[in-house]
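Please walk me through this structure.

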Amino acid sequence: MPAVGTKFWLGMGFAESIKVNRSIILRSKNGSKNAVIDGLGMESVINVTAGYVLVGGFTIKNGSYGIRLHYTSVNSTLKENVIQQNNGGIYAFYTEGNKFFDNEIVGNRLFSINLIIPRII
């Protein structure tokens, strides 16, 4: 696995789901129209369990969720992605401090963004 803070610049599309369990920068080289991640309808296309992750510049499609942020994925950033044709766009489960910028979230079957937050009493 890469060291904390490692940058990945991806240029082409590919078909699979990605599990991110370390702090990284995952950025497309050529923009969302040219860097497609297809989850093949199986699970979350990008499943983030680490904090301080940046995902940017991809088309993310055909999964149960486009991007799933677990409770351990704090202070992560999603920017300039096209998230489409999933059951749900972004699913954030008991997480905080995340930022979403300039994402296009369209054509998902159940929801665009689902934020599950802890109940504060």
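The paragraphs below take these topics in turn.

This is a predicted model, in which local features need pLDDT of at least 70, side-chain atom pairs count only at pLDDT 80 or more, and totals for chains, interfaces and linings use all residues. Residues are numbered from 1 along each chain as its sequence is written, and side-chain values use heavy atoms, with hydrogens and water left out. The chain averages a pLDDT (the predictor's confidence in each residue, from 0 to 100) of 87. At least 70 is reached by 86% of the residues. Residues 1–7 fall below 50. Beyond near neighbours in sequence, that stretch has twelve contacts in the model, a contact being heavy atoms within 4.5 Å. Where pLDDT is low, the predicted coordinates should not be read in detail.

Now the sheet. Strands are DSSP runs (E, at least two residues), numbered from the N terminus. Five of them form an open sheet in the order 3-6-9-12-15, with parallel pairing. Two strands pair if DSSP finds at least two bridges between them. Strand 3 and strand 15 (111–116) are the edges, each pairing on one side only. Strand 9 and strand 12 pair over four bridges. Arg68 has Tyr91 in strand 12 as its bridge partner.

The loop between strand 5 (36–38) and strand 6 (46–48) holds Ser44. Is Ser44 buried or exposed? Ser44 is buried at 6% relative accessible area, where buried means under 20%, exposed over 50% and partly exposed in between (1.4 Å probe, protein chains only). Beyond four places in sequence, Ser44 contacts Ser17, Ser64, Tyr65 and Arg68.

Finally, the charged pairs. The whole structure has two salt bridges, each a side-chain nitrogen of Lys or Arg within 4 Å of a carboxyl oxygen of Asp or Glu. Glu43 meets Lys19 at 2.5 Å, N to O. They lie 24 residues apart, Lys19 being in strand 3. Glu43 is partly exposed at 32%, whereas Lys19 is exposed at 52%. Glu80 pairs with Arg27, the closest N and O atoms being 2.9 Å apart. These two are 53 residues apart. Glu80 is partly exposed at 36%, but Arg27 is buried at 18%.
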